[in-house]
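Reader: I am new to this structure and would be grateful for a close look at one part of it. Please take a single residue as the starting point and describe its surroundings.

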Amino acid sequence: MEGIDDLAKVAQYGKQVDFGKTANDYGRYRAGYPDELFGRLEAFGIGHAGQRFLDLATGTGFLGRGFERCGGKVIGLDISMPLMLEGR
């Protein structure tokens, strides 16, 4: 089954690369998205107050925080626990 094989490849990749080693740097130096992005998404019905979001590969959570500033409810998930803790 091709889909199952693809998931196994992603899981294996996640075990080989540890993005958590750079979690502090991501949290400190990575610039987030400009507020203009959220205004543009809102024009497509994305990012309105009260909407719920699942942010996969959330990293340090800067995308999710942007949706929260717009009034959304966000759950962030990442393969790296250190990145999720930094995003928290």
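Author: The backbone nitrogen of T58 lies 3.3 Å from a polar atom of the side chain of D78. The side chain of D78 also has a polar atom 2.7 Å from the backbone nitrogen of G59. A polar contact here is a pair of N or O atoms within 3.5 Å; within protein, one must be able to donate a hydrogen and the other to accept it, and residues adjacent in sequence count only if both atoms are side-chain atoms.

This is a predicted model, in which local features need pLDDT of at least 70 and side-chain atom pairs count only at pLDDT 80 or more, while totals for chains, interfaces and linings use all residues. Residues are numbered from 1 along each chain as its sequence is written, and side-chain values use heavy atoms, with hydrogens and water left out.

D78 is found in the loop between strand 2 and helix 5; helices (H or I, at least four residues) and strands (E, at least two) are DSSP runs numbered from the N terminus. With a relative accessible area of 18%, D78 is buried, a term that means under 20% relative accessible area, as against over 50% for exposed and in between for partly exposed (1.4 Å probe, protein chains only). Leaving aside residues up to four places away in sequence, D78 touches A57, T58, G59, L83 and M84, where contact means heavy atoms within 4.5 Å.

D78 also belongs to the lining of the second largest pocket, where R30, A57, T58, G59 and D78 lie nearest the centre among 15 lining residues. A pocket is defined on a 1 Å grid over the protein atoms alone: it is an open set of points where a 1.4 Å probe fits, with protein on both sides within 12 Å along at least five of seven lines, and lining residues have an atom within 4 Å of a point. About 200 Å³ of space lies in this second largest pocket; a volume is the space filled by probe spheres set on the points, which are joined across faces, edges and corners. Its lining divides into 8 nonpolar, 4 polar and 3 charged residues. Ala, Val, Leu, Ile, Met, Phe, Trp, Tyr, Cys and Pro count as nonpolar, Asp, Glu, Lys and Arg as charged, and the others, Gly among them, as polar.
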